[in-house]
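Please examine the structure shown here and follow the explanation through its parts in turn.

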Amino acid sequence: MAQEASSSTSSKTISLKTGDGEIFEIEASAAKQMKTVQRLIDDLGDDITIPLHNVFSKELPKIIEYYKKDITGEITKDFEAEFVKDLNDDEVKVLFLAANYLDANKLFEFLSQNIADRLESKSVEYVRKYFGVENDFTPEEESKLREERAWSFRGIKEDE
Amino acid sequence: MEKSMGATNAKVINHIPEDLAFSILSKLPLKSLKRFGCVRRSWALLFENLHFLNMYRNYFISNNHSYYDGTSILLNQTNNPLSGEAFHSTLYLLSGERFENMVKLDWPPPFHEDDSFIEILSKTSVNGTLCLAQKNGMDLKCLFWNPTTDEFKIIPSSPFLYQSPYMEPTVDFNGFGYDHVRDDYKVLRWLCFFNITDVEVPFEDYLDVDSMWEIYSLRSNSWTKLDIEMPASASNEKLHVDGVCHWWSIHDDINCYDSPPRLVSFDLCNEVFLTTHLSSDMIDPLNILHLTLLNGFIAFIIYDQTTTFHIRILGELGVKESWTKVFILEPLPSIEHPIGAGRKGEIFFRKDDDELVWFDLSTQMIEELGVKGREHCCHIVIYKDSLLPIGGF
């Protein structure tokens, strides 16, 4: 059950339960930044543990960490760089999708930019796998397009 | 229990839905976007997808390029005089969210007697210094000026101007900028000589060339002839970004024949140039081209009589295929021609009644600046102030 806030009226905490059954606490003001959570609070009340079926225990603490910094106005370029430094491309993707699910706009925009930066020099094949999309070109169409856009492949290592 | 959850996660999370993908794609540089057009069909036509285009445009406008950090906007305006009146160039510093503050700056002393048609080279500043030029018949003034400290330094005359008593040059100031390798300020100029006398020029007095490029270096305080064949500028729009001077030309390399319009980019450090042709759909005899810097990108504003303005930004220098259609402004009634771009997606125009206005790309609103100007004689300059002495050395 959620604990009542101790002293100040603004430090009420909300309980969030991940899809894999773990519970995390978050301050109400941070919860406000995640519109999905806020909507659930509005519907279910703030004393109930809010279920987040599509967010898991690996990602949620990281997201909470981000918004903890956000409510104290401490998000700087340095903090953001540190935040993603040790994450690989797939881990950032999971966070990105979680931020989307939670409708956490600021984190979503930051992670979109970070993913864009990571993908900038990647190959077409890598990007296909990353986004989980199928190549729907015919071989002729694709080679024609690659030829037209040959300049955009200069200096890029294509996977085999 | 954790393991099976992990497996389900992998399946579910592998695919990123297209609208989420757009959030990522819209933040990529053009070169990457064009390459990723080969990922799947819908991505080959990203710029024709209105949903994507809107995201790209929003990101483009809101993304503050570091070029503009700490900069302000200067307006170099020329009046449209009534008969009997003289021409005057007036320099304004524009500030405020909507440019509601316009402060007139005084030109430095060499221009106090005659302030007509003062050009601010390459619409840029280097360490707070502008390069000003004025051509008045035989009289050629060129100097560096820091409007913040009021220091100015006159650039000496070039020994190449009057090499022959029979020939006189027309002078085209092509650019001013910074050579970061030598920590030097440079001014690039094109001289085109023509016979000023009625007589046949004696053979021994004929110049080897009828046009030449010269470059001034502040460190050496002298003009040097450039041994280069490069297309000269076709317009007043000249830019400087990161040590490269840009202009556009309709001439070939030896300036003999007309050719399709191309962007010319001269690197002040190695003193070589690169040409970028325009894509065929940008070229039309009825089109008017205006070269500008838009949010850090080299861009052409292309328009004709219909007051619709098409904006093409350059993805990569030297690559004709990388001109990308990003904005269409249409139609803007009474707007005659652009005069430059600001720092955050503002485009400045002159109207047919001489009023100077600015267009906000994000709100699509047009606002008057409160000053009028003469056709093709008003320019916007991006200025970054500094208290350093001119040249910093």
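In this predicted model, a search of the whole structure for cavities of 30 Å³ or more finds one. The space within the largest cavity amounts to about 150 Å³. Its lining is made up of 18 residues, and those closest to the centre are B:Lys123, B:Leu239, B:Thr292, B:Leu293 and B:Ile380.

Which strands of chain B each supply at least two residues of this lining? They are β12 (239–241), β16 (288–294), β20 (335–341) and β24 (379–384). Strand β16(B) gives the most, with four residues. Sorted by class, the lining of the largest cavity consists of 10 nonpolar residues, six polar residues and two charged residues.

Attention now turns to chain A. Here an open sheet is formed by three strands in the order β2-β1-β3, and the pairing is mixed. At the edges are β2 (23–27) and β3 (50–52) of chain A, each of which pairs on one side only. From one strand to the next, the twist averages 35 degrees.

As a general principle, the strands of a sheet pair through backbone hydrogen bonds, and they do so in either a parallel or an antiparallel manner. In chain A, strand β1 (residues 13–18) and β2(A) run antiparallel and are joined by five bridges.

Definitions and conventions. Residues numbered from 1 in each chain as written. Chains lettered and ligands numbered in written order. Predicted model: local features only at pLDDT ≥ 70, side-chain atom pairs only at ≥ 80, totals over all residues. Heavy atoms only, no water. Pairing = 2+ DSSP bridges. Axes fitted to C-alpha atoms, helices over the stretch in contact; angles between N-to-C directions. 1 Å grid on protein atoms, 1.4 Å probe; cavity = no way out; pocket = protein on both sides within 12 Å on 5 of 7 lines; lining within 4 Å. Points joined across faces, edges and corners; volume = space filled by probe spheres on them. Nonpolar A, V, L, I, M, F, W, Y, C, P; charged D, E, K, R; others polar.
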